[in-house]
Amino acid sequence: IPFINAKYHINADMDGLKRLRTKYLADICKKTEKTIAVSCTNTASFLMDYMAYSPELQRHIKLSPRAEKRGSLPPSDYVVNLSITAAELMGTPYGVAMSNAFYNGDDAAGEKVVYMAVTNDAQTVVREIHSLNNEDIPAFLERCCADLCVFVAGIIEKDAGLVPEEKVPEKSSKKAKGLIA
């Protein structure tokens with residue numbers, strides 16, 4: 001929506017989308033009785049402001065008190081470490097982390113990338129989000145916050161068995177169909 005607003009010089013309201021995404025995550029957290037730890041990165045304030053659109057969701061979110069410095073780690077590895085640490089520090093089954101917006105290349109006006117990670121007891125999943133043409137950083141981070149809400153909700157749903165497993169189609173063989181004796 002921010003991209004459409006800027007491109008077409010309109011002022012479509014973002015509040016409805018924010019409420020929809022945060023309510024979706026809040027409903028999943030409530031249904032499964034799960035809590036999520038958010039790593040205290042520079043982008044955590046964007047994420048916490050975004051999640052504030054759902055008072056119910058705020059009951060299921062814990063902000064980790066600190067985050068390690070990145071150092072020489074690639075951003076994708078950094079968010080993995082942060083999400084794991086957040087879950088461990090806060091004693092929650094899920095940890096999430098979102099990186100800053102990194103320039104993809106040397107051009108500050110070019111494409112930007114945000115990395116996000118979601119950790120559960122079994123694994124950490126990383127997602128890489130790319131900015132759209134001429135998308136400013138605040139709009140890009142807001143879009144990433146919306147994506148992170150859906151990303152986390154999907155993982156919690158799958159872990160809780162609320163999403164039916166994908167059926168793998170059986171390979172057809174002539175023998176199985178009785179054509180070969």
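The side chains of Arg59 and Glu56 form a salt bridge, with N and O 2.2 Å apart; the term denotes a side-chain nitrogen of Lys or Arg within 4 Å of a carboxyl oxygen of Asp or Glu. The structure is a predicted model, in which local features need pLDDT of at least 70 and side-chain atom pairs count only at pLDDT 80 or more, while totals for chains, interfaces and linings use all residues. Residues are numbered from 1 along each chain as its sequence is written, and side-chain values use heavy atoms, with hydrogens and water left out.

Arg59 is exposed, at 59% relative accessible area, whereas Glu56 is partly exposed at 21%. Here buried means under 20% relative accessible area, exposed over 50%, and partly exposed in between (1.4 Å probe, protein chains only). In the whole structure, 4 salt bridges are found. One of them joins Asp27 to Lys23, with the closest N and O atoms 2.8 Å apart. Both residues belong to helix 2, where they are 4 residues apart, about one turn of the helix. Helices (H or I, at least four residues) and strands (E, at least two) are DSSP runs, numbered from the N terminus. A salt bridge also links Arg143 and Glu135 (2.9 Å, N to O); Arg143 is partly exposed at 29%, but Glu135 is buried at 5%.

The largest nonpolar core has 32 residues, of which Leu25, Ile36, Val96, Leu148, Val152 and Ile156 touch the most other members. Such a core is a set of buried Ala, Val, Leu, Ile, Met, Phe, Trp, Tyr and Cys residues joined through side-chain atoms within 4.5 Å. Helix 6 provides the largest share of this core, 12 residues. Leu25 touches Ile36, Met51, Leu57, Cys149, Val152, Ala153 and Ile156, residues up to four places away in sequence not being counted; contact means heavy atoms within 4.5 Å. Another core, of 7 residues, lies apart from the largest one and includes Ala97, Val113, Tyr115 and Ala117.

Helix 5 covers residues 75-90, and its 16 residues should span 22 Å at 1.5 Å a residue, in agreement with the 22 Å between its end C-alpha atoms. The expected span is 1.5 Å times one less than the number of residues. Buried residues of this helix are Pro75, Tyr78, Val79, Leu82, Ser83, Ala86 and Ala87. Seen down the axis, the buried residues fall within an arc of 160 degrees and therefore line one face of helix 5; the arc is that of the directions from the helix axis to the C-beta atoms.
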